Amino acid sequence: MTANLQRNVSETDDLLRLTDVHTHIGQYHILHGVSFRVPRNQVTMLLGRNGAGKTTTMRTIMGLWPAHSGQVHLKDRAIETLDTMTIARSGVHYVPENMGIFAGLTVEENVRLATRQNRFNQDRLTWVFGLFPALEKFWHWPAGQLSGGQKQMLAIARAIIEPCEILLVDEPSKGLAPSIIESLIRAFRELKDADTTILMVEQNFRMASTLGDHVAIMDDGCIVHESDMASFVADKDKQASLLGLSMEAHQ
Ligand SMILES: Nc1ncnc2c1ncn2[C@@H]1O[C@H](COP(=O)(O)OP(=O)(O)OP(=O)(O)O)[C@@H](O)[C@H]1O
């Protein structure tokens, strides 16, 4: 099957799709016509050098830095003109790079605040505890006292405590020890097995290549490559030319 044909067949099952998106931050034109797809029930990795525009893309999808032009489709619905709250309510949940947790509140309070009606669905909470047992253990601790890895787990738990269509996660492995990264990889794998669609920005190549099904590479505010992860991992020359030494643990 040719690449084009493959693309046409699978395009019908994109959960999220960006088409020619331009974003300005103040006077700066940051995204220059970004187009890529996030297939349903897959993990899509958004990779690229520092300053390529990955976080800006995530924030644009969430409406935090609205697109100046272009389209963002969630299934068949155009969401690029919606406000952030409406986008989140439509099922697009975001774990920002700074994690966005409240250090002075307990783990429980942090997760409770992320529920729609200030109460837990017990089955969902049990599922989250299964993914991140440390959160159950430290349920009544102030979030500020958690380790870096546990804070990341709390940030993800807040994003998945309510069912979502797609989870956006910005650099979850940043600053974490290898053993913690391995446990995050296991948790994301379980999420994926539970049919969660994920778009992730990641600097750790092992995490990106192990978890990713699909990959989009950014450079200077544009997408410069998009393919399935397996063929990108197999093409060492392409990795070197598009990513250089920008990723940790590059193989
Ligand atoms: N608030 C801002 N005001 C002006 N320019 C900004 C702002 N935030 C980001 N930029 C610029 O936008 C470009 C893209 O930044 P962005 O954070 O999206 O890149 P990134 O690929 O996520 O980088 P990194 O991997 O370092 O996090 C960079 O040139 C950055 O300097």
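How do the residues of the shell around the ligand divide into nonpolar, polar and charged?

Reply: Happy to. A word on the source: this is a predicted model, where local features need pLDDT of at least 70, side-chain atom pairs count only at pLDDT 80 or more, and totals for chains, interfaces and linings use all residues. Residues are numbered from 1 along each chain as its sequence is written.

To your question: the shell around the ligand has 4 nonpolar, 7 polar and 1 charged residues. Here Ala, Val, Leu, Ile, Met, Phe, Trp, Tyr, Cys and Pro count as nonpolar, Asp, Glu, Lys and Arg as charged, and the others, Gly among them, as polar. The residues surrounding the ligand are Ile25, Gly26, Tyr28, Ile30, Gly48, Asn50, Gly51, Ala52, Gly53, Lys54, Thr55 and Thr56; a residue is near a molecule if its C-beta atom, placed from the backbone, lies within 6 Å of it. H2 gives the most, with 3 residues. Helices (H or I, at least four residues) and strands (E, at least two) are DSSP runs, numbered from the N terminus.

Now to what H2 and S2 belong to. H2 lies across S1, S2 and S4, and runs at about 70° to S2. That angle is taken between N-to-C directions, from 0 to 180 degrees, with axes as lines fitted to C-alpha atoms, for helices over the stretch in contact. The strands make an open sheet of 4, in the order S2-S1-S4-S5, with antiparallel pairing. Its edge strands are S2 and strand S5 (77-78), each of which pairs on one side only. Two strands pair if DSSP finds at least two bridges between them.

Inside the sheet, strand S1 (residues 14-25) and strand S4 (residues 69-74) run antiparallel and are joined by 5 bridges. Thr19 stands opposite Gln71 in S4, and His22 has Ser69 of S4 as its bridge partner.

Stepping back, the chain is divided into domain 1 (3-91 + 166-243) and domain 2 (96-163), with bounds that come from an automatic or database domain assignment. Their centres, taken over C-alpha atoms, are separated by 24 Å. The contact between them takes 13 residues from domain 1 and 10 residues from domain 2; two residues are in contact if their C-beta atoms, placed from the backbone, lie within 7 Å. On the domain 1 side, S7 and H8 each supply at least two residues, and the largest share, 4 residues, comes from H8. By class, that side has 7 nonpolar, 2 polar and 4 charged residues.

Leu176 is found in the loop between strand S7 (166-170) and helix H8 (178-193). Leu176 counts as buried because 20 other C-beta atoms lie within 10 Å; the cut-offs are 20 or more for buried, 12 or fewer for exposed, and partly exposed in between, with C-beta atoms placed from the backbone. Leaving aside neighbours within four places in sequence, Leu176 is in contact with Gly148, Gly149, Gln152 and Ile181.
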